[in-house]
Amino acid sequence: MSKVHTCFDFCLMITAYYIVMIDLHTHSLLSDGVLLPTELVQRANHAGYSAMAITDHVDRSNIDFAVPRLVEVLDELKDHTPVQAIPGAEITHVPPVLIGQLVNRARELGAKIVLVHGETVAEPVIAGTNRAAIESGADVLSHPGLISMEDAVLAREKGVSLEITARKGHSLSNGHVAKVAMAAGASMVVNTDAHSPEDLISRERAAIILRSAGIPEENIETIFANSQKLVDNVGRD
Ligand SMILES: [Zn+2]
Ligand SMILES: [Zn+2]
């Protein structure tokens with residue numbers, strides 16, 4: 001019997017692993033999100049998340065405002081929530097030549113997941129932002145729009161993950177991003193870019209977004225595992 005129980009417990013563990021959501025791109029009211037970081041974490045907990053990054057928009061004007069506050073509040077919450085909430089930043093609309101120094105500054109201030117707001121088709125992001133983000137060694141290039149094959153290959157070489165996004169507007173190019181990332185062998189992650197509680201999604205919904213981008217079934221779990229790997233790396237810091 002004990003053997004049966006062991007197997008059963010193992011199956012439960014595996015099931016739990018596969019139903020939880022990891023979301024490495026969310027915004028609080030430290031930039032243009034609507035929730036305090038604390039409520040955002042609690043909403044994510046309620047939505048069944050196991051881990052998340054709060055990645056408020058930053059440029060030079062607010063990087064030293066937002067990042068240390070996220071570090072402080074998420075450190076305080078860590079023993080009081082089951083969600084692993086990671087302080088991050090999204091370098092946003094910064095001229096490409098300045099992106100590298102801001103990625104470094106975000107890390108110095110304690111950001112553990114650094115995103116760069118990529119060349120989405122929904123906004124006039126400066127051309128060359130995708131390339132600068134990849135060269136800067138950001139963790140994730142958010143919504144990279146009509147990313148070139150050359151940049152996707154560089155992302156693979158540099159270990160920068162390309163984002164498939166749940167966010168309206170940015171998600172228009174998900175199919176292109178998926179196609180180019182798969183052809184280049186670049187890593188992908190799926191995030192919500194949530195600005196309000198209704199933007200948080202289940203892992204099941206995230207899987208539908210990945211399938212809708214043309215990603216074959218056999219690649220779906222790898223993409224979730226990529227997010228888990230980034231979270232595990234934070235744990236090792
Ligand atoms: Zn963005
Ligand atoms: Zn964002």
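Predicted model: local features only at pLDDT ≥ 70, side-chain atom pairs only at ≥ 80, totals over all residues.
Residues are numbered from 1 along each chain as its sequence is written, and chains are lettered from A and ligands numbered from 1 in the order in which they are written.

The protein chain contains 9 helices and 8 strands; helices (H or I, at least four residues) and strands (E, at least two) are DSSP runs, numbered from the N terminus. Its C-alpha trace spans about 65 × 40 × 30 Å along the principal axes. Of the 237 residues, 47% count as buried. A residue is buried if 20 or more other C-beta atoms, placed from the backbone, lie within 10 Å of its own.

Consider next helix α6 (residues 149–158) and helix α7 (residues 174–184), which pack at an angle of about 55 degrees with their axes 9 Å apart. Axes are lines fitted to C-alpha atoms, for helices over the stretch in contact, and angles run from 0 to 180 degrees between N-to-C directions. The two helices α6 and α7 are therefore oblique to each other, since angles under 35 degrees count as roughly parallel, over 145 as roughly antiparallel, 65 to 115 as roughly perpendicular and the rest as oblique. On the side of α6, the contact is made by M149, A152, V153 and R156, and on the side of α7 by V180, A181, A183 and A184. Two residues are in contact if their C-beta atoms, placed from the backbone, lie within 7 Å. The residues of this contact comprise 7 nonpolar, no polar and 1 charged.

Helix α7 has as its buried residues N174, V177, A178, V180, A181 and A184. Their cover includes α6, β7 (161–165) and β8 (188–191). After α7 comes G185, with a positive phi near 80 degrees.

A second pair consists of helix α2 (residues 37–46) and helix α3 (residues 63–77), whose axes come within 10 Å and cross at roughly 45 degrees. This angle makes α2 oblique to α3. Here P37, T38 and V41 of α2 meet L70, V73, L74 and L77 of α3.

Terms used
Buried ≥ 20, exposed ≤ 12 C-beta atoms within 10 Å, placed from the backbone. Nonpolar A, V, L, I, M, F, W, Y, C, P; charged D, E, K, R; others polar.
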